[in-house]
Amino acid sequence: MFKKIVGLVFTCSFLFSCQQAAEEVTSRDTANTEAISAAEVSIMPKKSLSAKAEPEQISFTATIKYMNLEGGFFGLVSKEGKHWLPLNLEKEFQKDGAVIKVTGKAITGIMTIQQWGTPFSITDIELITAANKAPENKNLQ
């Protein structure tokens, strides 16, 4: 019984000292953070928002392809064979097999559920040749 009491007292004192040490570290870090003066903050380099490179507009001719993957989506295949994933293809152009001339910007740094092609934001689109076949997914008609 005596050993249990001594063990309990030792454990409680150990936990109490750990709590005090943690509080001292927290209060010291808070004091150090508050000690930073406004002058020190003002000399920190600022990131310029205008320094980001704006993606440039590109134009190309492509065939619209309906892909029956991941719930179905429309992709653009350029004459060079590059795959583009249009993020804002208007409903009237969602026709498998149509040939279009498109202008827009490639979007980098994002992932899509389709995981197909380079994401592409369309700014201008022109129909060159109408679709010659119906899409594979009857829900799209």
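What follows is a chat about this predicted model.

Biologist: How far can I trust it, and which element has the lowest mean pLDDT?

Modeller: The mean pLDDT of the protein is 77, and 62% of its residues reach 70 or more. Over residues 36-42 the pLDDT is below 50, and beyond near neighbours in sequence that stretch has two contacts in the model. Residues 47-51 are also below 50, with zero contacts of that kind. Among the elements, strand 3 (residues 83-86) has the highest mean at 96, while the lowest, 47, belongs to helix 2 (residues 38-42).

Biologist: Now the strands. In what order do they sit in the barrel?

Modeller: It's a closed barrel of five strands with mixed pairing. On average, neighbouring strands are turned by 55° against each other, direction ignored. Going around, the order is 1-2-3-5-4.

Biologist: Strand 1 has a partner in strand 4, then. Which residue of strand 4 stands opposite Ile-58?

Modeller: Strand 1 (residues 58-67) and strand 4 (residues 99-106) run antiparallel and are joined by six bridges. For Ile-58, the residue opposite is Gly-104.

Biologist: And on the strand 2 side, which residue stands opposite Met-67?

Modeller: Strand 1 and strand 2 (residues 73-78) are antiparallel too, joined by six bridges. Ala-62 stands opposite Ser-78 in this pair. Opposite Met-67 you'll find Phe-73.

Biologist: Which residue in the hairpin of strand 1 and strand 2 takes a positive phi?

Modeller: Five residues lie between the two strands in this hairpin. The one with a positive phi, near 50°, is Glu-70.

Biologist: How many residues of strand 2 are buried?

Modeller: Take the two faces in turn. Phe-73, Gly-75 and Val-77 are buried on one side, and Phe-74, Leu-76 and Ser-78 are buried on the other. Both faces are covered, and the count of buried residues in strand 2 is six of six.

Biologist: Moving on to strand 3, which residue there is the bridge partner of Val-77?

Modeller: Strand 2 and strand 3 run antiparallel, with two bridges joining them. Their hairpin has four residues between the strands, and Gly-81 there takes a positive phi near 90°. As for Val-77, its bridge partner is His-83.

Biologist: Is Glu-80 buried or exposed?

Modeller: Glu-80 is found in the loop between strand 2 and strand 3. Its C-alpha atom is 8.8 Å from that of Ala-62, 18 residues apart along the chain. The relative accessible area of Glu-80 is 68%, and the cut-off for that class is over 50%, so Glu-80 is exposed.

Biologist: What about Asp-96: which residue's backbone nitrogen lies 2.8 Å from a polar atom of its side chain?

Modeller: Asp-96 lies in the loop between strand 3 and strand 4. With a relative accessible area of 4%, Asp-96 is buried. The backbone nitrogen at 2.8 Å from its side chain belongs to Tyr-66.

Biologist: One more loop. Which residue's backbone nitrogen does the side chain of Thr-112 reach?

Modeller: Thr-112 is found in the loop between strand 4 and strand 5 (118-129). Thr-112 is buried, because its relative accessible area is 17%. Not counting residues up to four places away in sequence, Thr-112 touches Leu-85 and Pro-119. The backbone nitrogen its side chain reaches, at 3.3 Å, is that of Gln-115.

Biologist: Is Gln-115 itself buried or exposed?

Modeller: Gln-115 is found in the loop between strand 4 and strand 5. Phi of Gln-115 is positive, near 50°, in a residue other than glycine. At 66% relative accessibility, Gln-115 counts as exposed.

Conventions. Residues are numbered from 1 along each chain as its sequence is written. This is a predicted model: local features need pLDDT of at least 70, side-chain atom pairs count only at pLDDT 80 or more; totals for chains, interfaces and linings use all residues. Side-chain values use heavy atoms; hydrogens and water are left out. Two strands pair if DSSP finds at least two bridges between them. Axes are lines fitted to C-alpha atoms, for helices over the stretch in contact, and angles run from 0 to 180 degrees between N-to-C directions. Buried means under 20% relative accessible area, exposed over 50%, partly exposed in between (1.4 Å probe, protein chains only). A polar contact is a pair of N or O atoms within 3.5 Å; within protein, one must be able to donate a hydrogen and the other to accept it, and residues adjacent in sequence count only if both atoms are side-chain atoms. Contact means heavy atoms within 4.5 Å. pLDDT is the predictor's confidence in each residue, from 0 to 100.
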